[in-house]
Amino acid sequence: MTDDIHDDFETLTNERLQSLFDASDYVAEDEITTTVLLALKLGRPLLVEGEPGAGKTELAKVLAEGFDTDLIRLQCYEGLAAESALYEWNYTKQLLAVQSGRDDDEGSVFTEEYLLERPLLRALRHDGERPPVLLIDEVDRADEEFEALLLEVLSDFQVSIPELGTVATDTTPIVVITSNRTRGLSDALKRRCLYLHVEPPSFEKERAIVRRKVPELDDAVVAAVCGITERLREESLLKPPGVAETLDWARALTVLDGAPADDTIPADDGTDTPEDRPLTETDIRTTLGCLLKEAEDVERIDDETMSALLTAAETARQ
Amino acid sequence: MSPDTGPDPEPVRLGDGDGTGPLTDVTTRVRSALVRFVGALRTAGVEVPADGSLVAAESLAAVGIDDEDRARTALRAALVSRPEDVETFDRLFDRFWRRVTEAVDDRPGGVDTSSFDGGFASDAAGDDAVADRETDDPHESGDDRRQSSVSRRLGNVDAPETDDGDTATRARFSPNGPSERVETDPLGGTATADPTPAVRALTDAIASLPGRRRGPAADGLPDVRRAMRRTHATGGVVMEVPQRARRPDAVRGLVLVDVSQSVLDTVDREFLVRVLRTLTDEWRTARTFLFDTDVTEVTAALRAESPDATLREFDRLEAAWGGGTRIGHALTRIRDRASNAVDRETVVLLVSDGLETGDLSRLEAGMTWLDRRARQVFWLNPLAASTAYEPTCRGMVTALPHVDGLFAFAEPADLFDIARQLRHRQRPVGYEHDWRRTDR
């Protein structure tokens, strides 16, 4: 079966991959599709960098969903150690075994029975029909020592457990590593990966994403939403909104759609449906928390900026 | 699934309908272009992984070369690991892709390479490419084979390219050691801007630089000797203090041109030849030497009636193009065999990227000699045309203390800018103050 799926990768085409993304409502440009295709064909890990909220993690999820396989996720953080990423021994069970004298029967408490698999080992020992997608998320948050640990795994897709021996994989997992570039990664790690930098989406791409993900929102409102976030990104904000924030905001507007935040806005000629009416300042103010996650950023939106946002929304609608 | 880590990546797929002839030649040339592309990226400061060439070749083999965008994306994924390198990658990729396109277009029967700076055989693989081209392609007609085997001429506008039977081409290059034959294209086919006005501006600027000779001046230093002489007529009383200053002079020059492959990759050869010819015309005296791993004086050839005649003269002189850079060796040879080419009136223009492959102590000694002996030494570096350029390579670090100015050299605008900078004598000069960086 391993060969089957790998054969699948060999014959996989851009178009097939694109349709897979489409089916998962993941809007991917040619650049993303080609790079992912290449990573699959060459069997190399894919290092995805980009601003937070650009869809890096989503890419791994979509691949797992598209190939109908497991997603094994390792969320990195400062201080992440081998026992949390790779494996550890079930000390409690070992202790109990020793106390109860079971170890005499088994000969050792360092056997499979006492082994707790962590994400990296789980990916290597995956026994599913298809290789799993291993998502190593936000690797830049982890220490450099952890990167060194990753090197062995990513080079040979094997891990040495002193008490058990070397665990090698039969099915090379699809590895997606994401980084927010809060620090540079080591050359050794980068060398083992194919690199993909996810650019902030263009207006059109973001619009397509919001349309796909929040289909209940009216097209004109989607355009206004994307126009406003695009304009917001031009401001010098501490944390500019990513696509994830745009989607959150769009969903928030959908939820609020039934109960307009600004009751004072009259329908000009009585024909405007709630979907048709333009976004108002009150709408934006009350939902700004979805877009901006820093208090200073929210304060930065003064009347002048708000006016610019409304203009951008109106322009986008047209 | 595991990547092929052998020395030879899979042959690049050329798409449907391309399998009519042997692809070895094209594949080798594409591979050669790729290796050079990776080298150029590294030179430009892009952080390319150590095995970047291999991964890039695998990537290219995986996506094929039918679609430029896909090839660009594939190579970017393999070779770039920092967002800030993307711009440099894209810029250099265009050149790489042109070579790939030429390699594909230049398949059996076709010798119609259109780029003046074409030629893939700058490295070892490239040498293979030429060999393959000359021997392995059964689809070439006899004439074509002869055309290929006579190596590409540096240019011949007047004579037809395919049937003149000219076997005298001597355009050669290799990264080091023995030169190899290469192909080049006629000069006339490209639309290079005429560099004459730029060279004239540069000449005027250099001529206006103070020379070593001094003469009467209104705003110079006191001329004590003359003042003393005049006191004889006034009984020892100093009536006035004449002044003197260094005089502008006609330009006498020495032009040293690095024609190693790394330079020819970045500078248009037609532009180079035209600039050299114009310098020879405009300056009072100008001796020009081409060097890569060897040195050849081409002053007489540059006085030929046309650029193509110049190239024919180069041809006759067996001037070699495209080897490695051995600046120190070249300077030593000039010092030993043509030391009169430099004197205290001489302005030296050294066109090179500074990627010295020879002995650095020799380069240091040669530059010290030039610096001490010549009036001014200006270094024109094609790589400095990139705004990201910093002279950090070993050769440039060694040479820089002995240079009066390091400038970019890629197009006529650079020469205009050198002239502009030289005219403003009080201001600092150099590539870091040029039009690309200061937007003047």
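Q: How many helices and strands are there in chain A?
A: Bear in mind that this is a predicted model. Chain A has 318 residues, and 38% of them are buried. Counting up its secondary structure gives 16 helices and 9 strands.

Q: Among contacts in chain A between residues at least 6 apart in sequence, what percentage join residues at least 24 apart?
A: Contact here means that the C-beta atoms lie within 7 Å. Take the chain A contacts between residues at least 6 apart in sequence; the share joining residues at least 24 apart is 78%.

Q: Which strands stand at the edges of the open sheet in chain A?
A: The sheet has 5 strands with parallel pairing, and you can read them off in the order β2-β5-β8-β1-β9. From one strand to the next, the twist averages 20°. An edge strand has a single partner, so one of its sides is left without a neighbour in the sheet, and that describes β2 (71–75) and β9 of chain A.

Q: What is the bridge partner of L74(A) in β5(A)?
A: Strand β2(A) runs parallel to β5 (residues 133–137) of chain A, and 5 bridges join the two. Look along β5(A) for the residue that bridges to L74(A), and you land on I136(A).

Q: What angle does the direction of α3(A) make with that of β9(A)?
A: Helix α3(A) packs on the sheet, where it touches β1 (46–50), β8 (174–179) and β9 of chain A.

Q: Which element gives the largest share of the side of chain A that touches chain B?
A: In this interface, 19 residues of chain A are in contact with 20 residues of chain B. On the chain A side, α3 (30–42), α10 (187–191) and β9 (194–198) each supply at least two residues. By class, that side has 5 nonpolar, 6 polar and 8 charged residues. The largest share, 7 residues, comes from α3(A).

Q: Which residues of α14(A) meet α13(A)?
A: From α13(A), the residues taking part are E245(A), D248(A), W249(A), A252(A), L253(A) and L256(A). The contact as a whole has 6 nonpolar, 1 polar and 2 charged residues. On the α14(A) side, the residues are T287(A), C290(A) and L291(A).

Q: Is the crossing of α13(A) and α14(A) left-handed or right-handed?
A: The axes of α13 (residues 243–256) and α14 (residues 281–291) of chain A come within 8 Å. They cross at roughly 145°. As for its hand, the crossing is right-handed.

Notes: Residues numbered from 1 in each chain as written. Chains lettered and ligands numbered in written order. Predicted model: local features only at pLDDT ≥ 70, side-chain atom pairs only at ≥ 80, totals over all residues. Contact = placed C-beta atoms within 7 Å. Helix = DSSP H or I, 4+ residues; strand = E, 2+ residues; numbered from the N terminus. Nonpolar A, V, L, I, M, F, W, Y, C, P; charged D, E, K, R; others polar. Axes fitted to C-alpha atoms, helices over the stretch in contact; angles between N-to-C directions. Left-handed = near helix turned anticlockwise from the far one by under 90°. Buried ≥ 20, exposed ≤ 12 C-beta atoms within 10 Å, placed from the backbone. Pairing = 2+ DSSP bridges.
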